[in-house]
Amino acid sequence: MSITVRVPAKVNVQLAVGAPRPDGFHDLANVFLAVGLYDEVTVTPADGLRITCSGPDAAQVPLDASNLAARAAIALAERHGIAPDVHIHIAKDIPVAGGMAGGSADGAAALLACDALWSTGATRDALLAICAELGSDVPFSLVGGAALGTGRGERLTPVDVGGTFHWVFAVADGGLSTPAVYGEFDRLTADTDVPEPEASPALLDALRTGDATALAAALTNDLQPAALSLRPSLADTLAAGTAAGALAALVSGSGPTTAFLVADEESARKVAEALLTSGTCRNARTAVSPAPGATVVGRRLPLPGAARASGHRTAAAPYPGKSIDPPGQE
């Protein structure tokens, strides 16, 4: 038996960041919106824990116990007194290290897939608790839709969405380190009075009514100046998409992917073409939101020898293995 889970990317339509806390994290008012770009994670019983990966930028995905998918499997197995003997295959389509929670999505997907494979009977709250331990964005990847994340982003309150929003995402060359972007935010705001983060009533109302124009006027990302400081070329990408007719443009999360809210499907096509022509990004993807969270989409028997013949990148993820860093704020 194998279990396949599909899991969406996210865009932060508001990311309000507070001053650093004593534990090194930041309090957030983080309005998540799941978008229709998906990774698929398939888990299959194995002799030990190992990870394979395919798809765009698969070479950048760690295949050891630092991968959030591996950490999710280990965390669930430890709670139920079993060994995490599973082969995890990640089919990537969410940009890697792009500020769209691709790694967090894979962690949530692996957790849900292992829960189904092992029939642990874990409650939704129990799964969300594991997600929160893994990282700040992982709980939302499990839930999807739209939500306000507070604390470091892991405490979720559902947000009503009254329509479909159309997006274009410009994928940059290379990635940006989330800790580095938060570090640059701290440097840029060191001599300022950083306000307590609060959700924007105007933004929440725009989501509730499905008003793309009003949402465009309310989009904010407090990490954008830091991302632009570390990657100044992103300003050219933002300008190109805006000139092509996007209603609004912003860096997605910690970047370097940039997000463009557009009026409709035809506008999305035109903005994506203009971005590609501009030479300011290496790819442009269209998607709609909101999208469902992690969802089981397949249960099947594996083909004999399929993993050996697949040509996917593969490596063992040692258990208990090397030390694993604490979850980061993503």
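Modeller: Helices here are DSSP runs of H or I with at least four residues, strands are runs of E with at least two, and both are numbered from the N terminus. Keep in mind that this is a predicted model: local features need pLDDT of at least 70, side-chain atom pairs count only at pLDDT 80 or more, and totals for chains, interfaces and linings use all residues. Residues are numbered from 1 along each chain as its sequence is written, and side-chain values use heavy atoms, leaving out hydrogens and water.

Biologist: OK, what does Asp-205 form with Arg-208?

Modeller: A salt bridge, with the closest N and O atoms 2.3 Å apart. The term means a side-chain nitrogen of Lys or Arg within 4 Å of a carboxyl oxygen of Asp or Glu.

Biologist: How many salt bridges does the structure hold?

Modeller: There are 12. One of them joins Glu-266 and Arg-269 at 2.3 Å, N to O; both residues lie in helix H10 (residues 265-278), 3 residues apart.

Biologist: Which residues are joined into one network?

Modeller: Arg-21, Asp-23 and Asp-27, through salt bridges that share partners. Within that group, the Asp-27 to Arg-21 bridge is 2.9 Å, N to O.

Biologist: Switching topic, how many aromatic pairs are there?

Modeller: The search of the whole structure finds 2. Phe-32 and Phe-140 are stacked, 4.6 Å centre to centre with 10 degrees between the planes. Rings of Phe, Tyr and Trp (its six-membered ring) pair if their centres lie within 6.5 Å; planes under 30 degrees apart are stacked, over 60 edge-to-face, and the rest tilted.

Biologist: Where are those two Phe residues?

Modeller: Phe-32 is in strand S2 (residues 26-45) and Phe-140 in helix H4 (residues 138-143), so the pair links parts of the chain 108 residues apart. Both Phe-32 and Phe-140 are buried.

Biologist: Why is the pair of Trp-167 and Phe-169 stacked?

Modeller: Because their planes are at 20 degrees, with ring centres 6.0 Å apart. Trp-167 is buried at 0% relative accessible area, and Phe-169 is also at 0%.

Note on methods: Buried < 20%, exposed > 50% of the residue type's maximum accessible area, 1.4 Å probe, protein only.
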